[in-house]
Amino acid sequence: MKVLLVTDGYYPYHSGTSKLNYDKWKWLRKRGIEADILTTSYGRGDDDYEAYRIGRVIKISANGSYITMTFDSNLNGSIKSFLREHRYDVLHLSGPFPPGLSYFAMRNALPGTGVIGEFQAASDFILRSLSNNGSVIDNIKTGFTQHIAGNIFNALFYNDFKRLDIRSAISHAAQSFFEIFIKGDYEIIPVGVDTDRYCPEGPVFSHINEGHSIIYLGRMDRRKGLDRLIKAMPYIIEDVPDVKLYAGGGGPLLGEYRQLASETGVDRHIEFMGYIDEDDLPGLYRSGSVYVSPATGGESFGIVLIEAMASGIPVIASDIGGYRDVVDNNLTGILTDSADSRTLAKDIAGVLIDTQKAHYLSNNALKKVSRHYDWDVVIDKTIEQYKRAIKKARS
C-alpha cells in the first residue's frame, strides 16, 4: 500500500499538526507501508525532515496562533503533476480546506485513489456555543457561521468534497466545527502517543524531581495561556511554598511572560526552560508533580495532554472543547476554569498536596491511554480506514 500524507503544517515548523503527521508517517513505515509526506517549504531546516515540498509557506496570525498555508504560482498544476508522477493508493489529507495544499490534492486525486480528509482544527466560539457556554456574541457568530457561511461554502464547494471517500476527525470538537462546512458522516480517530517513549519509567530531570513541581509545555503565545498560570502562582505558593513552575517552549511572548513573572513577584518560582528537544520531553513530563495546560481555547485535541498522561503525571487542563475529548474530569485528570486564577490555583495545589488523588488520576489516565491513544491502537484503526477508502474508491 502506498500512502501520501498531505499537510501545509510540517517540520521544521513545530506544531501539533506537524507532530501528528510526522508520527503517523513514522508508524505507517514501521508497519511496512510505503508512506510519504507532501508539504510546503519553510526554508532553513527543511532538509532535516524527509518530505516532498511544493511552494513556500505563508504564516497567517489567527486563533491566537498561526495558520500555515502554501504559496505557489501554479499550486494546482504542481500538485496535479506530482500525483500523476508518484501515483498513490491513498491520499490522507490534513484539513482539506481551500486554499490549502490538501484541498488541491483532493481536487486532483486520480481515479481509484482512496481519499481521506482528516480534520484537526476547531473554533472556540463555536465550541462554546454548542456546549451552551457561549456569550451573546459567540451565539450570534455561531449562528452566522452555521446558517450563512456554512451554506455558502457548501454551495460553492459541494462537488469538490464529494471526492472524499472518508471524512475523519481527531475529536468531536474538530468534527463539530468542520461539519458546518463539509456535510456528511464523520469517523473519529484520535491522535496517538508512543507509549514506549512516553511512560512512567525512565530518566528524569533530577533538579525538577526534588520538590513540588508544575510542568508547562507549549508555545509562548496567547492561546496557550501561560499568563494565566503565572497569575495563579501567588495563590499556589500560599498553599505550597516550595512549588516551582518549569515552563518549556519558546515563542513571541517569552519576554512578556518573563516580565509578568517579575511584576507578579513569582520569578524565583519559575524557570523558563526555552525550547525542549524532542528527546528530552518524556523525561521532562515524568519529572514533575503535575502537568498543567491553561489554554484559552481553540484546541481541537491536546497532544501534550496524552503525552503527559502516558508519562504518569497527573494532568490539569482548561475546561474547553477538545480537552474535554481527552480528559475525563476528576477521573483521568482535572478540567478547570483556568481564566480564574484562584480556581486554577486551588485545583493545582490540591493535586500537589493530595498525593493519593494525584496517583488516582494518573493511574486512570494510564489505563485510558493504553486503550485509546497508544499508537499501536491508533495506527491499526488508520490502516483499516485506508483499506475501506481504497475499496470505496475502486468500487
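Tutor: First, a term: buried means under 20% relative accessible area, exposed over 50%, and partly exposed in between (1.4 Å probe, protein chains only). This is a predicted model, where local features need pLDDT of at least 70, side-chain atom pairs count only at pLDDT 80 or more, and totals for chains, interfaces and linings use all residues. Residues are numbered from 1 along each chain as its sequence is written, and side-chain values use heavy atoms, with hydrogens and water left out.

Student: OK, R31. Buried or exposed, or in between?
Tutor: R31 has a relative accessible area of 33%, so R31 is partly exposed.

Student: Which residue forms a salt bridge with R31, with N and O 2.6 Å apart?
Tutor: D380 does. A salt bridge is a side-chain nitrogen of Lys or Arg within 4 Å of a carboxyl oxygen of Asp or Glu. D376 also meets R31 in a salt bridge, at 3.2 Å from N to O. D376 lies in helix α14 (residues 375-394), and R31 in the loop between α1 (16-30) and β2 (34-41), 345 residues apart. Helices (H or I, at least four residues) and strands (E, at least two) are DSSP runs, numbered from the N terminus.

Student: How many salt bridges are there by this rule?
Tutor: The count comes to 19. There is also a network of salt bridges linking K19, D23, E278 and E307.

Student: New topic. Where is G283 found?
Tutor: In helix α9 (residues 281-287). G283 counts as buried because its relative accessibility is 10%.

Student: And how far is G283 from T264 in space?
Tutor: They are 29 Å apart, C-alpha to C-alpha, and 19 residues apart in sequence.
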